[in-house]
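Have a look at the structure first, then read on.

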Amino acid sequence: MTQFLPTYEPATGALISELPIGDADREVAAARAAWPAWAMTPLAERIETLRRFAGIVRSRADGFADLIAHETGKPLWEAKTEVDTVIAKVAISITAQAERAGERFTDQPGGGRMALRHRPHGVLAVLGPYNFPAHLPNGHIVPALLAGNAVVFKPSEKTPATGAFLVECYHAAGVPEGVVRLLIGGPDQGRALAGHDAIDGLLFTGSARTGLALNRQFAERPEKILALEMGGNNPIIVWDDPDLDAAAALIVQSAYTTAGQRCTAGRRLIVEDRLFDPLMAALTRLTDRLIVGAPHDEPAPFMGPVIDHDAAEMLEVAFATLVGMGATVLRPLERIAQGLPLLTPAILDVSAVVDRPDDELFGPVLQVSRASDFADAISQANATRYGLSASLISPSAKRYEQFWSGIRAGIVNWNRPTNGAASSAPFGGIGWSGNHRPSAYYAADYCAYPVASAENESAAATIAIGLRG
């Protein structure tokens with residue numbers, strides 16, 4: 001008997017879809033059967049197919065954005081931006097493929113040449129998150145297809161309809177149905193896919209807890225590629241008399257875009273002690289003006305709900321725990337509507353909290369602390385197992401040099417938000433934020449492996465030493 005996975009709209013609780021739960025064995029077998037023909041397809045043809053995919057998404061952009069907004073709860077304007085990044089990923093990936101995984105030939109002294117080519121791994125599993133249910137898995141799938149891999153994609157169980165829409169766009173563009181397979185399901189299906197003997201690798205975006213489990217699972221499988229993009233407990237430092245209203249806007253963009261449900265969201269704000277009170281005044285004024293609402297509300301909200309009740313309740317518990325440890329509430333975390341996961345943007349002064357938990361609070365909660373000097377600020381910023389993103393807000397170039405040299409993160413920004421990284425640059429972190437397999441522009445690196453060849457058109461060799469007469 002077929003079982004179905006329902007998905008609900010966070011902002012209203014309404015049912016969006018019910019999709020049949022899939023079988024990992026069946027989907028992997030289909031991808032395995034289709035992979036050889038796709039790997040043998042000329043690169044130019046694969047490129048043209050993915051360009052058609054970008055065109056298909058462009059032609060369906062309004063419906064795609066509407067579905068993303070309904071299923072994730074993010075405002076419609078933000079969902080439209082996500083669709084734009086799906087389209088743009090194709091051109092960026094084509095450039096990255098040529099630059100990082102193309103062919104190179106070098107003439108060798110004495111004749112012949114050295115050749116560098118890249119080969120696909122085979123069948124790659126992609127596990128996608130709910131916060132960017134189209135953009136982030138697409139960031140794995142497009143370079144994987146360009147490299148000649150087949151893909152089995154399991155979207156988050158919280159956003160399966162968006163995943164299904166994305167896969168339909170690949171197929172409509174002419175990617176063979178066996179080459180991109182969709183696996184609908186929950187944790188059981190995810191585990192079955194990740195542990196399947198017939199996959200050649202796993203590309204994952206999600207929580208550190210799941211990523212660490214996958215890292216342990218793959219520890220005895222060195223023949224399989226594993227790329228982990230995990231979370232962040234990302235710091236922002238404010239120093240040296242910046243424009244406080246501009247600083248407040250950068251902090252709000254970092255902490256509350258996508259309701260704080262970004263791995264690069266600013267979660268810890270570290271402020272020069274003398275700037276603390278005036279910055280908090282500017283920040284709370286701006287935070288109080290933020291509109292929280294449903295994706296299609298008018299006027300448009302700045303942020304929508306978190307993904308579901310479980311996420312909202314975990315944030316409420318974490319918030320209460322910090323208050324119990326001595327944090328001062330500057331702006332509370334409150335539910336806007338009874339029975340819905342719509343939360344107000346919250347601010348806690350945690351300067352007096354000892355042994356603060358190093359947790360990624362995946363939602364609109366900003367923890368603020370004071371620093372007596374810049375060395376103290378850097379020390380606080382680095383006091384985390386994560387290392388994804390960090391930002392300095394300061395007018396001083398010299399201070400930024402200090403910050404860049406001292407901070408532990410894979411994305412280091414100056415007078416910019418912690419989030420919104422460019423797809424034309426590598427995206428990844430250190431520590432619990434990943435396993436040194438950055439995505440975005442560098443995704444080409446983990447979607448193929450290099451093959452070095454010494455080549456000569458004819459056999460010509462002698463042995464000049466070590467032979468009996």
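**Around Glu229**

Setting aside neighbours within four places in sequence, Glu229 is in contact (heavy atoms within 4.5 Å) with Leu136, Phe204, Thr205, Gly206, Cys263, Phe427, Ser433 and Ser439. Keep in mind that this is a predicted model: local features need pLDDT of at least 70, side-chain atom pairs count only at pLDDT 80 or more, and totals for chains, interfaces and linings use all residues. Residues are numbered from 1 along each chain as its sequence is written, and side-chain values use heavy atoms, with hydrogens and water left out.

**More on Glu229**
- UniProt, in an unreviewed entry, lists Glu229 under "active site"; its positions are in the numbering used here, feature names are shortened, and annotations may be inferred rather than shown by experiment.
- Glu229 sits in strand β9, residues 225–229; strands (E, at least two residues) and helices (H or I, at least four) are DSSP runs, numbered from the N terminus.
- Is Glu229 buried or exposed? Glu229 is buried, with a relative accessible area of 7%; buried means under 20%, exposed over 50%, and partly exposed in between, using a 1.4 Å probe and protein chains only.

- Across residues 5–445, the chain is 41% helix and 19% strand, and the end C-alpha atoms lie 34 Å apart.

**Cysteines**
- How many disulfides are there? The count is 0, where a disulfide is a pair of cysteine sulfur atoms within 2.5 Å.
- Cys169 can't pair up because its sulfur is 20 Å from the closest cysteine sulfur, in Cys447, too far for a bond.
- Cys447 is in no disulfide either, as the nearest cysteine sulfur, that of Cys263, is 17 Å away.
- Cys169 is buried at 0% relative accessibility, and Cys447 is buried with a relative accessible area of 0%.

**The whole chain**
- The protein chain has 14 helices and 19 strands.
- Of its 469 residues, 55% count as buried.
- Among contacts in the protein chain with a separation of 6 or more, 71% are between residues 24 or more positions apart.
- A compact globule of 469 residues would have a radius of gyration near 23 Å, and the chain's 24 Å agrees; the radius is taken over C-alpha atoms, and the globule rule is 2.2 Å times the number of residues to the power 0.38.
- Along the principal axes, the C-alpha atoms fill a box of roughly 85 × 60 × 40 Å.
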